[in-house]
Every structure is written in C-alpha cells, then in structure tokens.
Amino acid sequence: MKRFVGPVPAMHRAVSTRCRRALFAAVVMTAFGIFVPAAQAVDRGVTLNQDYVDQIRGERDFDIEDMMATFGFIFSSLDDEVMVYPTENYFYFRFIHKGALYAGNMRLDVSDRDKGILHFAYFSQSEPWNSELITQYKPLTKEDGVTVEKVEDFLYRVTFAGRSVLFRLNDLSGVRPPEGTVAESETYLGPVFDESGVQFYLLFDEALKQFRFVLNEADGQSDVLRPYSPETPVILIGTRTGFVFFDDRRQNRKLLVAVYRGNVDANNYFDGPFDQLPDNFIKGDELRQAILAKYPDLKDDISRLGTFTHQDGRFLVNPYISYTQPIELDAFYRCVDPGLDRAQYYACLTPEKPE
C-alpha cells in the first residue's frame, strides 16, 4: 500500500494504518480471546472456548496464499443472505487457518458496486509480539468468476462458483436526529453505523467548522455508559467500547469526544467511527463542501465522498482524541465552565490536533 505524500495536514491525513484499514478491516477478539463464527455466536447466545479450540484444531485444505481459494472458503461459509451493518459497506469476517488468526472484509463500495465490483481483502492478525504473515487485497469482477447484481436499493446478489448470496446493506435512509439535537449552524450529513455496533449522527458545524459524532440513542442500548466520576457525570465511558461521550446539555445530546488509543493502535472494531461514514446517504457535495470549509486547500484533491483524487486514502473525520489512561479525560472538566461561550465550549470538546 502507498503511504500518503505531499503537504496533507496531519489533521486529515490518514497514515498507513488508516490506509490499511480502508482495505483490510481489522478484527477484535472477545475479552477472553475466544473466536467463533458469527452464525454460531448468534445461535448459542454465548461464546465458548470449546469452539475456539475446535477451530484451531480444524483442518483447512486450501492455500492461504491463493486469493480465490480463500475467497471460495469464506464465501461458501456464508448464509444465503447476510447483513452488512457498517455504513461504509464492509462485511467483516475472521477465520483460523493452520493455527493463525485471519480477518478481512468483502466490500460493496458505493462508488463501484453497480459496476459489478466486490472488494475482497484478508490479512493475518498482527499483535505487539508478532508481525503480519500475509496481506491480500483484490477488487473481484466477472473476470474472477464473481458477479455482482443489484436486486434493489440496499440489496445485492453476489454469485461465485454456482452459488449466490444476497448482501443486504443497512438501510438507514429514514434515520433523522431527534428534534433539538441539531443546532441552527449545524448540518446533518447522515447516519453512521459503526462496526462496534454503536450508531451516530454525523454533523458539521458551519459556523465553527467542526465535525461532530452525536450518539444515536433511539435504536436501543448498544453500550453501557458509566460516569467517569461521580463529581462530573457529564463525562461518560462505554464499558464495552471505551468510547467517551460528553453530555452536551446545551443541545440535549451526547458527543463522542474520545476513543481508547489501544483500540486505535490495534485497528479493531472499537477504534472509532472515522472509517464508517454515511456513504449511502450523503447528499450531493455536502461532505466535500464541509471538508473544504475547513481545508480549502484540498479543493483540487477531494471527491464528493471525501476520497483523495491524487493519492490513496480518504479524508480523516475524527473530531475526538485518543486516550491511554482515563485520567487524560480530566481535560474535559474545563468544558463544564458556564462562562464559556459557544465557540469556546465546542473548541474545548473538539480540541485541535497538531498540523
């Protein structure tokens, strides 16, 4: 993969990890290091170490270096219809091959799925104590024996080796923030369904030139939020995800203000919603215009969906910090100060990152 070059500010430059994420979606193990196929996890309602060990001991007779053989193995394991939850249209998977854990994705990208392209990627899980064994990526087409047909909006049929699977994309076209959630100077860009299972509204403040991820609380509880401290209950931490929210009582909403750095470094499901923008729901040039409002120098290098036109990657929308220790969240205490005007208040909640 290419690294970004040229004078792209760090604020919106996606470094090699971000670029890799765009093609090779990461995997996170459960708290106990247990892995099971998604179908088993749903059927059982629990995750068993027995399944994890059985997978390690199972025989895999395909060559992991052979992309189409690996694709055939993954594809043959799918149900006749699968659900693609994340809003950048990644269908994530993971599997074990000869004692090594692999992860990846199939992606029906909004920019080329109607052209019959299915992006396929997989890689070996890297940890601080080891290195990547393999990284593979290829856009699959009819030339590879893979056909992609649009059945209807948000439903695609993928066929390979005589078998078809329906990929149902997440139709969030009717999702709107509750009344009073969006300020007068803000534009609602679209709904975000993160691979963590947490949902957001993506907003852009035209007056202050700031992006915001606001928690969507209307579709059930996807995490248990606990106060960071009894003294300051406006700072909330997700017990499952490590996401940190600030109870924005000025606008009656919860803003994402921080994610755990260990998850960012691990490139896992909890690294934040920067990589799940509302691709299927962005109207016209709204996202591009929001980006250019803050970075006008990108006018010749950014597409409608925020992808760079002269280099690999995509504009990085991450209006939140990464923390290593919860004590770092103390910096948000000062945002409670009633003496702050609106600009100072949201600058406190969306600290500028160094260029």
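**Aromatic pairs and an open sheet**

R212 lies over the face of Y346, with 4.0 Å to the ring centre. A charge counts as sitting over a ring if NZ of Lys or CZ of Arg is within 6 Å of the ring centre and within 35 degrees of the ring normal. R107 likewise lies over the face of Y90, at 4.5 Å from the ring centre. The model is predicted, so local features need pLDDT of at least 70 and side-chain atom pairs count only at pLDDT 80 or more, while totals for chains, interfaces and linings use all residues. Residues are numbered from 1 along each chain as its sequence is written, and side-chain values use heavy atoms, leaving out hydrogens and water.

Rings also pair with rings. Rings of Phe, Tyr and Trp (its six-membered ring) form a pair if their centres lie within 6.5 Å; planes under 30 degrees apart are stacked, over 60 edge-to-face, and the rest tilted. This rule gives 28 aromatic pairs. The pair F95 and Y102 is stacked, because the ring centres are 5.4 Å apart and the planes stand at 15 degrees. F95 is buried, at 3% relative accessible area. Y102 also counts as buried, at 5% relative accessibility. Buried means under 20% relative accessible area, exposed over 50%, and partly exposed in between (1.4 Å probe, protein chains only).

Y188 and Y201 make an edge-to-face pair, 6.1 Å centre to centre with 75 degrees between the planes. Y188 lies in strand β9 (residues 186-193) and Y201 in strand β10 (residues 199-205), so the pair ties together parts 13 residues apart in sequence. Both Y188 and Y201 are buried. Helices (H or I, at least four residues) and strands (E, at least two) are DSSP runs, numbered from the N terminus.

Ring pairs also build a cluster. Its members are F62, F71, F73, F75, F93, F95, Y102, F120, Y122 and F160.

An open sheet contains 4 strands in the order β2-β3-β4-β5, with antiparallel pairing. Two strands pair if DSSP finds at least two bridges between them. β2 (90-97) and β5 (135-140) stand at the edges with a single partner strand each, so one side of each has no neighbour in the sheet. On average, neighbouring strands of this sheet are turned by 15 degrees against each other, direction ignored. Axes are lines fitted to C-alpha atoms, for helices over the stretch in contact (heavy atoms within 4.5 Å). Angles run from 0 to 180 degrees between N-to-C directions.

Strand β4 (residues 118-124) is joined to β5 by 6 bridges, and the two run antiparallel. H119 has P139 in β5 as its bridge partner. Helix α4 (residues 67-76) lies across β2, β3 (100-107), β4 and β5. Helix α4 runs at about 100 degrees to β4.
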